[in-house]
Amino acid sequence: MSKTIYVLNGPNLNLLGTREPHIYGHATLADVEKLCADTAKQFGLTADCRQSNREGELIDFIHEARAKAAAGIVINAGGYSHTSIALHDALVAAQLPAIDVHVSNIHAREDFRRHSYIARAALGSICGFGVDGYRLAIMGLAARLGAAPADEAEDTDEGDDAGAASAGPLTLAIDVQGDEAESGADAGQSPAAPAA
Ligand code: CA2
């Protein structure tokens, strides 16, 4: 199995961080892609990040993920989430574990955003956690794939790793696998988790 996760972003997500920060926050698409790369690396995975404003190109990316036997797909199809049977069909055909991600809480907005065709073809959905949802999606996928967090000792041979995400994801991965009660605070990317 490949160790590559495709991270696909759909229409208008190239505008992240430039408009409507009250809904989508201040992080840019470049920030999101770095977050994904850093998180994937912590699990010995690689994030191949793509963005397109075209439905057909997103479908091509999904076909490519299938052809390359990618480990999984994290997808925020933007507005196409609510309209695209074609993207749904591509994900079903790909037969790869996929996670449907939305930066905003689509259930707390207009009714037309509440339905996601992507969610129906996905292993799970994450929404409302801001861009931290991408990190959570990769962690969930990694847990499902059985990808253990990279050992910290092994991590040091990679040289200067100052840009990598904090130890938060590692802590949460231990929670998932070992049922620990402790939650993983991270570098402040997400709203505080509700108390257990
Ligand atoms: O919350 C999400 O991640 C969405 O998938 C974002 C889509 C929206 O159509 C979905 O209902 C929910 C829109 C992406 C637009 O992104 C922008 C970002 C900054 C400024 C303007 C648009």
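Q: Helices (H or I, at least four residues) and strands (E, at least two) are DSSP runs, numbered from the N terminus; in which loop does N12 lie?
A: This is a predicted model, in which local features need pLDDT of at least 70, side-chain atom pairs count only at pLDDT 80 or more, and totals for chains, interfaces and linings use all residues. Residues are numbered from 1 along each chain as its sequence is written, and side-chain values use heavy atoms, with hydrogens and water left out. N12 is a residue other than glycine with a positive phi, near 75°. Its place is the loop between β1 (4-9) and α1 (21-24).

Q: Is N12 buried or exposed?
A: Buried means under 20% relative accessible area, exposed over 50%, and partly exposed in between, with a 1.4 Å probe and protein chains only. The relative accessibility of N12 is 53%, so N12 counts as exposed.

Q: Which value does phi of Q95 lie near?
A: Q95 sits in the loop between α4 (85-94) and β4, and it is exposed because its relative accessible area is 60%. Q95 is a residue other than glycine, yet its phi is positive, near 55°.

Q: In what order do the elements of the protein chain run from the N terminus?
A: The protein chain has eight helices and five strands. From the N terminus on, they follow the order β-α-α-β-α-β-α-β-α-β-α-α-α.

Q: What percentage of the residues in the protein chain is buried?
A: The chain exposes about 10000 Å², of which carbon and sulfur atoms supply 51%; accessible areas come from the Shrake-Rupley method with a 1.4 Å probe, and for residues only the protein chains shown count as cover. Of the 196 residues in the chain, the buried share is 40%.

Q: Which residues does N76 contact, leaving aside its neighbours within four places in sequence?
A: N76 belongs to strand β3 (residues 72-76) and is buried because its relative accessible area is 3%. Its side chain reaches the backbone nitrogen of G78 at 2.9 Å. With contact meaning heavy atoms within 4.5 Å, the partners of N76 are L8, N9, G10, L13, V101, H102, V103 and Y134.

Q: How far apart in space are the C-alpha atoms of S104 and C127?
A: C127 counts as partly exposed because its relative accessibility is 22%. Along the sequence, S104 and C127 are 23 residues apart; from C-alpha to C-alpha, they are separated by 5.8 Å.

Q: Which residue joins R113 in a side-chain polar contact of 2.7 Å?
A: R113 is found in the loop between β4 (98-102) and α5 (117-120), and it counts as buried because its relative accessible area is 18%. Not counting residues up to four places away in sequence, R113 touches H82 and I106. The side chain that it meets at 2.7 Å is that of E110.

Q: Which residues come nearest to the ligand?
A: A residue is near a molecule or strand if one of its heavy atoms lies within 4 Å of it. Around the ligand there are 17 residues, and those that come nearest are N76, H82, V103, S104 and R113.

Q: How many disulfides does the structure hold?
A: A disulfide is counted for a pair of cysteine sulfur atoms within 2.5 Å. The sulfur of C49 has its closest cysteine sulfur in C36, at 4.9 Å, which is too far for a bond. The number of disulfides in the structure is zero.

Key
Polar contact = N/O pair within 3.5 Å; in protein donor to acceptor, adjacent residues only side chain to side chain.
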